[in-house]
Amino acid sequence: MIFLYLLLSTYPWPIRPFDTAHGVSATLEDARATRDAQGRIIRYRFHRGIDIPADSGTAVFSIYSGRVRYTTHSDGIYVGEYWYIHLTNRVEENSQVTGILDTTNTSPTKIGDVEVDHLHFQIGPSGGPYSNPLNEDGGLVNYSDNGNPIVYSLDFWRSGSEGNTATQVHSPLWGKIDIRAECQDRQTSGGVNTTLGIYKVKWYVRSIGMNPSVSYHPKDCIEFSQVEPPRNGDDVLLIYDRHNYSASSPFKYWVTNVIKNNDVVDEYWNTKLRIGEAWDGTDAKINGEAVLPDGRYRVWVLAYDIENNGGDTLARHGAEDEDVILDNFVPYVESVVVIEVGNTKYFGYYELTGNKNGKKPLDMRRCFCRMWAYGERSKGIKIYPAGHQHQSGRRK
Ligand SMILES: [Zn+2]
């Protein structure tokens, strides 16, 4: 029997048939929890490999030849960087086994049997980082996923809502926002339909009815290509919403956070960001210098599986949107014209910084005196530029 795995740059499944796709019932970085005897979660963690559903007693084989090592839990072995977990009848520790890839004239060595209902399979050196078995080295042979990811919904939270106190916010939005999206991937490998975690998420914002239109990103935030233990629970809770954690993954992702070099960075969407600034840069003071001036916007969350299905905003496969109003800025005096008996007496433009914007200087004191004379005595000067829609005037 001749295998073409190396030529195909893929590798065989560790259960029979080796070269036919099997189901996948859990993916890398699915959310997991370790519980105490009372059922309380004591540790949040990421899943370090994939689960391949199989009946109890299904024979398991090593992909590569090598020496067998036992995992610290009494149900797993690893050969090199390939891990096979939830086994019974394990082959003897330190024995030499023949892997599926070295079986031109011989049979591979059975390394154990599936104990309950699935084989856990992971790839990586002891201590990690662990690679995604679905795309490492070309992935498992004939793995295919024709199901589209689904973004069920997205919502908005005050930045910092990953912690114990989550504060949901609704349009109009202002300040720093965490976006949370509920998404899953429909997997079809081996004809086994499962609904699991997504592989990749992006988000972006685009104006509605603004001319010229403005947009922000798309930003790649989450991508589960590798997992690097040891992870403390905080990392997991920067991806998955702790308030919805139950027995298994909440599938509610904080999509404004970013996985960088196997670390999760607690970021946010600063709706008030000034043009030219990085995501955590300085706020704008006025609409004119904001990346996203006050107005109507559509926020999109795009989800992808490992085969890049999804992110299709037209068919809405792995894409969902939410319309919001951004309202960050109080109105300010942009220009003042004082007219006395039909003659323009003062005429000037001001930026918020007090720069005169290359126009004729304006004596604001005289100007205000004039306004007071017309009864504008309240605390603020209330002048709105023509065509500027005054919103709440709430201070932020
Ligand atoms: Zn597993």
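A: Asn89 is partly exposed, with 13 other C-beta atoms within 10 Å; the model is a predicted one, and the values given here are computed from it. The class follows from the count, because a residue is called exposed at 12 or fewer such atoms and buried at 20 or more. Asn89 sits in the loop between strand E8 (residues 87-88) and strand E9 (residues 96-97), and its phi is positive, about 50°, although Asn89 is not a glycine.

Arg316 is another non-glycine residue with a positive phi, here near 55°. Arg316 has 12 other C-beta atoms within 10 Å and is therefore classed as exposed, since that class takes in counts of 12 or fewer.

E24 and E25 run antiparallel and are joined by eight bridges. Both belong to an open sheet of four strands, with the order E18-E17-E24-E25 and antiparallel pairing. The edges are taken by strand E18 (215-223) and strand E25 (319-326), each of which has a single partner strand, so that one side of each is left without a neighbour in the sheet. On average, and with direction ignored, neighbouring strands of this sheet are turned by 15° against each other.

When residues up to four places away in sequence are left out, Val301 touches Val151, Leu154, Ile179, Ala181, Val201, Trp203, Val255 and Glu320. Ile179, Val201, Val255 and Val301 are the residues that touch the most other members of the largest nonpolar core, which holds 84 residues. Strand E24 (residues 295-304) gives the most to this core, with seven residues, and the core draws at least three residues from each of domain 1 (5-138) and domain 2 (149-326).

For the chain as a whole, buried residues make up 36% of the 396 residues, and the chain has three helices and 27 strands. Among the contacts with a separation of 6 or more, 62% are between residues 24 or more positions apart.

A positive phi also occurs at a glycine: Gly80 takes a value near 60° in the hairpin of E6 and E7, which has two residues between the strands. E6 and strand E7 (residues 82-85) pair in the antiparallel sense over four bridges, and Ile77 stands opposite Tyr84 in E7. On its other pairing, with strand E5 (residues 66-70), E6 is again antiparallel, over three bridges; the two are joined by a hairpin through five residues, and Val79 in E6 is the bridge partner of Val68. Both faces of strand E6 (residues 76-79) are covered, since Gly76 and Tyr78 on one side and Ile77 and Val79 on the other are all buried, a class that calls for 20 or more other C-beta atoms within 10 Å.

The bond from Arg16 to Pro17 is cis, with omega near -10°, and Pro17 is found in the loop between helix H1 (5-8) and strand E1 (31-35). Gly128 and Pro129 are likewise joined by a cis peptide bond, with omega about 5°, where Pro129 lies in the loop between strand E11 (118-123) and strand E12 (130-131).

Notes
Residues numbered from 1 in each chain as written. Predicted model: local features only at pLDDT ≥ 70, side-chain atom pairs only at ≥ 80, totals over all residues. Core = buried A, V, L, I, M, F, W, Y, C linked by C-beta atoms within 7 Å. Domains from an automatic or database assignment. Contact = placed C-beta atoms within 7 Å. Pairing = 2+ DSSP bridges. Axes fitted to C-alpha atoms, helices over the stretch in contact; angles between N-to-C directions.
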